[in-house]
Amino acid sequence: MVSQNKKGKGGAGAREEKSASARPSSRPRGNFWLHLKKPIFAVAPMSDVTDEPFRMIIAKYSRMGKAGGGPDVMWTEFISADGLCSIGKERLMHILKFTEKERPIVAQIFSANPAKIKEACEIIESLGFDGIDINMGCPDKSVEKQGAGAGLIKTPALAREIIRSAKAGVKNIPISVKTRIGYNKPEVEEWLSVILEEGVSALTVHARTRKELSDFPAQWSFVKKAVELRDKISPDTIILGNGDVKSLKEANERAKETGADGVMIGRGLFGTPWFFDSKVTEEPGPEKRLKIMLEHAKLFEKILSKDKPFDVMKKHFKAYVNGWEGARELRIKLMECDSSKDLEKVVEDYSLKDTCILKTKE
Ligand SMILES: Cc1cc2nc3c(=O)[nH]c(=O)nc-3n(C[C@H](O)[C@H](O)[C@H](O)COP(=O)(O)O)c2cc1C
């Protein structure tokens, strides 16, 4: 999951779609969370998934910013605060590239070093991000080894210090935290109180413990508990629930049943960049899915080919090519593609007329 050591260089920060130069935004800053309509729908941070090309595709096909469109806010993949403050930082800057169309956009950082968190927040604010989120839920060994991510659940005093340092590092953008409901067992009251007492602008509650990884169903009753706790400790903090949401309808239901201000969606976005468009009532058919997949792959190559291997796209191919007769056969061929040119050729050769009969499930 962690890929913070990729080669390549590139300017970061807000840019117009056609220009690759880094350019801090001139838009007014402040707590953007206060201006979002509820329920709020968010794109989850997912390393090697919700990168700039994918966010651009989501913004386009979910009609972001338009009536009935969404999402309301997007996260970047996480970035190491220590790495961002090191001499090797250029290798990571691709994570912090974004276009105006992806706003509001939150950069997610991880570290167990308060000084690095502060410095990273200064850098990120100067790049024009709308907010900064601190990862306190990642179970990856390389992150936890540093005491960061989910490791912070075990060191609440350090977690408090990290939040304070992040706040000290920004002038005018909000700080949020994304975490789990506990380490080995649910400890909502003990753990989430720590974060809420620090007065963060938003708190995303991934409704699983660290021990559960993603292997068990999310327990949304704990999101409801988090909302109750928020009401007592920090009424202005926005609460987003997260875990296993597969449709916009389900996201609305989860927000309603828990009282959460919004819902963050992760894996439900694989192969469904139209997820947040309330006008899409039927799953697009094979032809449209393949067209979007190709567009996504071309965008990936254009923006990230110096920074990430083309193989990163393959999890997207698997998700786009799903749900019709003949999909499996095509998926196998797509796994051998090394470029968008290869991909185009394979898709062209695949006869939609003969093999694609859309079914709900393969
Ligand atoms: C491939 C992948 C990468 C992820 N990377 C991150 C990350 O960088 N930061 C983070 O806070 N969570 C990360 N997560 C966790 C998701 O943000 C989310 O909390 C989790 O997938 C549960 O939500 P879902 O059931 O809607 O997918 C990742 C999850 C996946 C599947």
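Q: In which sense do β2 and β10 pair, and over how many bridges?

A: Two strands pair if DSSP finds at least two bridges between them. Helices (H or I, at least four residues) and strands (E, at least two) are DSSP runs, numbered from the N terminus. Here β2 and β10 pair in the parallel sense over 4 bridges. In β10, valine 263 is the bridge partner of phenylalanine 41. The model is predicted: local features need pLDDT of at least 70, and side-chain atom pairs count only at pLDDT 80 or more, while totals for chains, interfaces and linings use all residues. Residues are numbered from 1 along each chain as its sequence is written.

Q: Which strands make up the closed barrel?

A: The barrel has 8 strands in the order β2-β3-β5-β6-β7-β8-β9-β10, with parallel pairing. From one strand to the next, the twist averages 25°; angles run from 0 to 180 degrees between N-to-C directions, and axes are lines fitted to C-alpha atoms, for helices over the stretch in contact. Helix α5 (residues 156-169) packs on the sheet and touches β6 (131-136) and β7 (175-180). The direction of α5 makes about 165° with that of β6. Contact means that the C-beta atoms of two residues, placed from the backbone, lie within 7 Å.

Q: How does the chain cross from β9 to β10?

A: A crossover is right-handed if, with the strands pointing away from the viewer, the path from the first strand over the helix to the second runs clockwise. Strand β9 (residues 238-242) is joined to β10 by 3 bridges, and the two run parallel. Asparagine 242 stands opposite methionine 264 in β10. Between these strands the chain passes through helix α8 (residues 248-258), and this β-α-β crossover is right-handed.

Q: Which residues of β10 lie on each side of the strand?

A: In a regular strand the side chains alternate between the two faces of the sheet. For β10 (residues 262-265), Gly262 and Met264 are on one side, and Val263 and Ile265 on the other. All four are buried, that is, 20 or more other C-beta atoms lie within 10 Å of their own; exposed means 12 or fewer, partly exposed is in between, and C-beta atoms are placed from the backbone. Of the 362 residues of the protein, 49% count as buried.

Q: Which residues other than glycine have a positive phi, and are they buried or exposed?

A: One of them is arginine 63, with phi near 50°, in the loop between α1 and β3. Arginine 63 has 17 other C-beta atoms within 10 Å, so it is partly exposed. Leucine 213 also has a positive phi, of about 45°, and is found in the loop between β8 (202-206) and α7 (221-233). Leucine 213 counts as exposed because it has 11 C-beta neighbours inside 10 Å.

Q: Where are cis peptide bonds found?

A: One joins lysine 38 and proline 39, with omega about -5°. Proline 39 is in the loop between β1 (13-15) and β2 (40-43). Another runs from glycine 70 to proline 71, with omega near -5°. Proline 71 lies in the loop between α1 (52-61) and β3.

Q: How many residues surround the ligand, and which are the closest?

A: A residue is near a molecule or strand if its C-beta atom, placed from the backbone, lies within 6 Å of it. There are 23 residues around the ligand, and the closest are Ala44, Met46, Phe78, Gly266 and Arg267.
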